[in-house]
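Good morning, and thank you for the time at this meeting. Please look at the sequence and the structure while I speak.

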Amino acid sequence: MNSINKPKSLLLVALVANALPYLAIAEEASNITTDKVEVISTTPLQGVGLPLEQIPANVQSIKADDIEKQKSLSIADHINQNLTGVSVNDTQNNPYQPDVSFRGYAASPLLGTPQGLSIFVDGVRVNEPFGDVVNWDLIPTNSINNINLIPGSNPLFGLNTLGGALSVQTKSGRTNSGGAVEAYMGSWGRKAGSAEFGGVTQDGSIDYFISGNVFSEDGWRDYSPSDVGQLFGKVGWQNETSSLSLSYTGADNKLVGNGLAPDDFLRQQGRDSILTRPDITDNKLSFFNLNWSHFFNDNTQLSGNTYYRYAKTRTLNGDANDDFDEDDNVGGGDGVDAGELTTANGNCVVDGGVNGSEEECSGAINRTSSNRKGYGFNAQLTFSQDFMNMKNQFIVGGGYDYGRTNFKQSTEFGLVNATRGIDGVGIFGDEAAVSLRGVSKTSSIFATDTLSLNPEWHLTASARYNYTKVENDDRLNPIPDPNPLLNTSLTSDQSYNRINPAIGVNFTPSKDLTAYVSYNEGSRAPTAIELGCANPAQPCRLPNAFAGDPPLDQVVAKTYEGGLRGKLNQNIGWSLAAYRAQNFDDIQFISSTTSGAGFFDNVGKTRRQGIDAAINGRLDKFTWALGYSYIKATYQSDFEIVSEINETVLGSGVQQVGKGDNIPGIPQHQLKLRAAYDVTPSWNIGTNIFSFSDQYSRGNENNKFDGEGAKVSGYLVMNLDTRYKFGNSGWQFFAKVNNIFDREYNNGGLLGEHRFDAGTGQFTGNESDTNAFFAPGAPRAGWFGVRYEFGGKKPSASTVDID
């Protein structure tokens, strides 16, 4: 191995940790060598890190080249097709707004989804302070240098790390010098372009990188256009002992996701049909992040970051009015046509000019706005001195995160028009009006130590203490009623604290085999939105209503994991992991209608257990990666849900969920294959084949609904991609076809009801016969484009010796 002097060696190792993460499912398995040491950062901050064989977890990693070669649209798109344990529900039905699930834990942009994954960008947690949601469209794809997916409730990654943490490290001029410009177009009117450029000054002290993306398409479903604009820039400085970098991420996106559609609409109106519109989300972001590090000596490093993040979200959702009462309209219960409803004197009225009420309005326009400001810092000291003649790495650190959200919402009643859009009539519902200021403050300290007892045995122990304070200030009704049953104010002040421990042991009998076992705990404090919507007697139509509610308990996850990984030879790597994770006081949003009406509640225990298996390799010109996952996600406590659709006892209006019932939305089996073949040195053809088993629909938490829509059927999809490089000119042509066999499938489901005629698509006021709502998967589509790369040289897979 190459020998590297200190402290330069530790600084170089930190840089290599940025550029050379371990690739669990790798297209480029040829990079596997017996001499290479893969380095993984054990905390969100990128530091010295540890060799992979000392990490007691089944870490999966992605490099920038893998994302670029597969032309993945987003992080979620790529990990869904390539990483074990990951699945996607297209609840919003927009490519930038998926619900991502890993081992049964979610990271979603949708308020009301019980979040369980933490997402980091350069050491900053980017789960939004309001609901812990994740806006995938605010992470530019071509700014990503590498991604690590760390499983389990690892306490070092802080709050919301119940099922895992996804840590993104961005590009810099040192890791990605040179430039690239690309443009492509194709199905659904999609037109997209991107550019990036980076480099280092002649004296080597300053590096710089900038990238941008633009994306526009009409969408494959009716009335579903989207526009995305993303910008990323970074400038850095370093000498032999210190480094400093400042990055900026900006985004201005308008996304339309028209959500789930009734099964009768999908069959009669077509799979591109929608129920109601519009469903628009406007996201804007400005994010500054300063990262720094300094080596005091050969074995001591101080590193940290300071950040400021400001985001704005506006939503406009047109829905049918759930409170519509056909008995108040002409003809009694016969329903009305959309054309029969008019407005007069500020009220929805029936034909003939007789004044009506809000219940006579067929539609509703729900508007929300949230301005979110976050800032904070994280810092850690890394000590790499030997302990009693044994190699040891000890890290101690702390951080502070502040998040403030100003949230407003309103509901305007209206009329459903001929295209199932909603025309507002200027009548606003007072009960739905909210003006809330939510503040969360989290202080934390943590420590982790990895001791190599000998070259084969490595012991890791960690702990993190979190203190979180959540303050809600109701601007419309600031003073709470002392009687909880009468209180409608959202004003509250709650605090949560906990010490979360972890321990792990690694056994490395050879350089080609590692065995490990671990136990870890993580927690999640309730967010402002959950604390404002937790009363079963006053359900919320997220995100369109709140009520004064009692406090919720924080969620605690406890995870056991054991696994093996290794190499069969220089060209074939494999991994196998088994895990069991149990949540205590799990928070679920209980919903039984298409409007999302329900409430947050601590439902007791839930459990996720399963296995992940992967093997990857290269045979001459052929590279391949195969992954399989089994996930059994169940409720472990009894509770009740108010449900008229899925009643346990007929007429009770109650669904009884019992211990052992499967959690909806999580397929138990998944199988993924990535394969690529070099037809010539310049021409490569690749494919992604992924298959998921069936899953229970939301609203069928007790798994006993026996009607249409109880389950979402399993599916298999095959995508193809190809690229051709024109010699050494830097030019290449690429193309991609998704769902090449044009399979009709759904990847999410919900039990609900609607008041439309599926044959004509018109509003009738009468409840339909179907209760099945599905998130339809996209049909066959193709795109083609060109890419030009110039200057610079991407980092090579250098060999590093860690002393």
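A word on the source comes before the details. This is a predicted model, in which local features need pLDDT of at least 70 and side-chain atom pairs count only at pLDDT 80 or more, while totals for chains, interfaces and linings use all residues. Residues are numbered from 1 along each chain as its sequence is written, and side-chain values use heavy atoms, with hydrogens and water left out.

Helices (H or I, at least four residues) and strands (E, at least two) are DSSP runs, numbered from the N terminus. Two strands are said to pair if DSSP finds at least two bridges between them. Strand E11, residues 178–186, pairs with strand E12, residues 190–200, in the antiparallel sense over nine bridges. As an example, Gly-179 has Phe-197 in E12 as its bridge partner. The two strands form a hairpin with three residues between them, and Trp-188 in the turn has a positive phi of about 65 degrees.

E12 also pairs with strand E13, residues 206–217, in the antiparallel sense, over 10 bridges. Here Gly-198 has Phe-209 in E13 as its bridge partner. The hairpin of E12 and E13 has five residues between the strands, and Gly-204 takes a positive phi near 80 degrees.

Next comes the nonpolar surface patch. Patches are made of residues with over 30% relative accessible area and no salt bridge, where like charges are joined within 9 Å and nonpolar side chains (Val, Leu, Ile, Met, Phe, Trp, Tyr) within 5 Å. Accessible areas come from the Shrake-Rupley method with a 1.4 Å probe, and for residues only the protein chains shown count as cover. The patch covers about 1,000 Å², and its members include Phe-197, Tyr-208, Trp-237, Leu-290 and Tyr-375. Which strand gives the most to the nonpolar patch? The answer is E14, with three residues. E13, E14 (226–238), E15 (242–256) and E17 (279–297) each supply at least two residues.

Leu-290, which lies in strand E17, counts as partly exposed, because its relative accessibility is 31%. By contrast, six of the six residues of strand E44, residues 746–751, are buried, so E44 is largely enclosed by the rest of the structure. Four bridges join E44 to strand E45, residues 772–776, and the two run antiparallel. Asn-746 has Pro-776 in E45 as its bridge partner.

I turn now to an open sheet. Its three strands have the order E4-E5-E6, with antiparallel pairing. The edge strands are E4 (86–89) and E6 (105–107), each of which pairs on one side only. E4 and E5 (residues 99–102) are joined by four bridges and run antiparallel, and Asn-89 stands opposite Asp-99 in E5.

The last topic is salt bridges. Side chains of opposite charge can pair when their charged atoms come close. The rule used here asks for a side-chain nitrogen of Lys or Arg within 4 Å of a carboxyl oxygen of Asp or Glu. How many salt bridges does this rule give? The count comes to 26.

One of them joins Glu-68 and Arg-787, with the closest N and O atoms 3.5 Å apart. Glu-68 lies in helix H2 (residues 64–70) and Arg-787 in strand E46 (residues 781–790), so this pair ties together parts that are 719 residues apart in sequence. Glu-68 counts as buried, at 17% relative accessibility, and Arg-787 is buried with a relative accessible area of 5%. Both belong to a network of salt bridges that also links Lys-71, Glu-182 and Glu-789.

In another salt bridge, Glu-561 meets Arg-103, the closest N and O atoms being 3.2 Å apart. Glu-561 lies in strand E30 (residues 555–569) and Arg-103 in the loop between E5 and E6, so the pair ties together parts 458 residues apart in sequence. Are Glu-561 and Arg-103 buried or exposed? Glu-561 is buried, and so is Arg-103.

Thank you for your attention.

How values were computed. Buried < 20%, exposed > 50% of the residue type's maximum accessible area, 1.4 Å probe, protein only.
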